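Reader: I have a structure open and I'm new to it. Could you walk me through how to read it?

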Amino acid sequence: SDLALVSKAGGDPQMMSRLSAVRQLGSVRGRGRDTAVAALSARLQHDAFYGVRVYAARSLGEIHTARAKAALLRALAETDSRVRVAVVEALATFARDPEVYHALLGRLAGDSSDAVEAAAARAIGASGAASACSALESVAGSGADRHVMAGVLAGLAATDDPRALAILVSDAGPGKPEALRLASLRALERPGRILCLTDRIH
């Protein structure tokens, strides 16, 4: 039952049992959702094992309620970057929400982890926000770390903005650093973009 999962998530001394319960709580629907969100939020904040906190974030994203969103936004202060990546990826499911979009911009601009910034870039690109391309374009021209750039380029591809396509094609061209070219080519491999490779990259 849902209550048994909540109890196991919060009180089982075995990490694998807590992990299993946290993963299953993501599928709770109906009247049990608020209880599940409370249990997942507690695990996200307090579990001793980072993997349980990661799956708590993912499950909150799956539940996708206002309370789940609030718990994830609070968790952006998590000190473990591996958990922050999971939090940002879960928040991507809310990226059309203005509060979440603003928070993602903050992660992109100032997180101490390249992996978190890259995850934020991908989420921003998929958000559908009118300003997404401009936000990512500014980072693309800033000489960011290559891991961040890979996320930025993937985010640009997800915007389907003509300006983004121009950036990707340019960065995939001759004379660019190999890592940047490869990341751009991967981003350009989205459906519908293959023709531009043969037409515009030589």
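Predicted model: local features only at pLDDT ≥ 70, side-chain atom pairs only at ≥ 80, totals over all residues.

Author: Let's go from the whole chain down to single residues.

Reader: Okay. How many helices and strands are there in the chain?

Author: Start by listing the elements in order. Here you get 13 helices and zero strands, so the pattern along the sequence is simply α-α-α-α-α-α-α-α-α-α-α-α-α.

Reader: And what box do the C-alpha atoms fill?

Author: Taken along the principal axes, that box is roughly 60 × 30 × 25 Å. The accessible surface of the chain is about 10000 Å², and carbon and sulfur atoms hold 53% of that.

Reader: What share of the residues is buried?

Author: For burial, the cut-off is a relative accessible area under 20%. By that rule, 48% of the 202 residues in the chain are buried. Taking contacts with a separation of 6 or more, 56% of them join residues 24 or more positions apart.

Reader: What about charges? How many positive and negative side chains does the chain have?

Author: The chain carries 25 positive and 21 negative side chains, and the centres of these two sets are 4 Å apart.

Reader: Now for pairs of helices. At what angle do the axes of α3 and α5 cross?

Author: For a pair, look at the angle and the distance between the axes. Helix α3 (residues 33-46) and helix α5 (residues 66-74) cross at roughly 5°, and their axes come within 10 Å. Angles under 35 degrees count as roughly parallel, which is why α3 is described as roughly parallel to α5.

Reader: Which residues of α3 and α5 meet?

Author: On the α3 side they are Asp34, Val37, Ser41 and Leu44, and on the α5 side Arg67, Ala68, Ala71, Leu72 and Arg74. For the spacing, here's the general idea: an α-helix has 3.6 residues a turn, so residues three or four places apart point the same way.

Reader: Which residues in α5 are buried?

Author: Ala68, Lys69, Ala71, Leu72 and Leu73 are. The buried residues of α5 pack against α3, and also against α4 (50-63), α6 (81-91) and α7 (98-110).

Reader: Let me try the next pair. How are α7 and α9 arranged?

Author: Their axes are 12 Å apart and the packing angle is about 5°, so α7 and α9 are also roughly parallel to each other. Tyr101, Leu105 and Leu108 of α7 make the contact with Ala132, Ala135, Leu136 and Val139 of α9.

Reader: Let's zoom in on Leu136. Is Leu136 buried or exposed?

Author: Leu136 sits in helix α9 (residues 132-140). Its relative accessible area is 0%, so Leu136 is buried. To see what surrounds a residue, skip its neighbours within four places in sequence. For Leu136, that leaves contacts with Leu108, Ala121, Ile124, Gly125, Val152, Gly155, Leu156 and Thr159. Take Gly125 from that list: Leu136 and Gly125 are 11 residues apart in sequence, with 7.6 Å between their C-alpha atoms.

Reader: For contrast, is Leu3 buried or exposed?

Author: Leu3 belongs to helix α1 (residues 2-11). With a relative accessible area of 64%, Leu3 is exposed. Leu3 and Arg122 are 119 residues apart in sequence and 35 Å apart in space, C-alpha to C-alpha.

Reader: What should I look for in the loops?

Author: You'll find His64 in the loop between α4 and α5, and its 38% relative accessibility makes it partly exposed. Asp160 also has a positive phi, of about 55°, although it is not a glycine. Asp160 lies in the loop between α10 (146-159) and α11 (162-171), and with a relative accessible area of 52% it counts as exposed.

Reader: One more loop residue, please. Which residues does Lys176 touch?

Author: Lys176 is in the loop between α11 and α12 (178-188). Not counting residues up to four places away in sequence, Lys176 touches Ser170, Asp171 and Arg181. Its relative accessible area of 33% makes Lys176 partly exposed.

Notes
Residues numbered from 1 in each chain as written. Heavy atoms only, no water. Helix = DSSP H or I, 4+ residues; strand = E, 2+ residues; numbered from the N terminus. Buried < 20%, exposed > 50% of the residue type's maximum accessible area, 1.4 Å probe, protein only. Contact = heavy atoms within 4.5 Å. Areas by Shrake-Rupley, 256 points an atom, 1.4 Å probe, with all protein chains shown as cover. Lys, Arg positive; Asp, Glu negative; His and termini not counted. Charge placed at Lys NZ, Arg CZ, Asp CG, Glu CD. Axes fitted to C-alpha atoms, helices over the stretch in contact; angles between N-to-C directions. Parallel < 35°, antiparallel > 145°, perpendicular 65-115°, else oblique.
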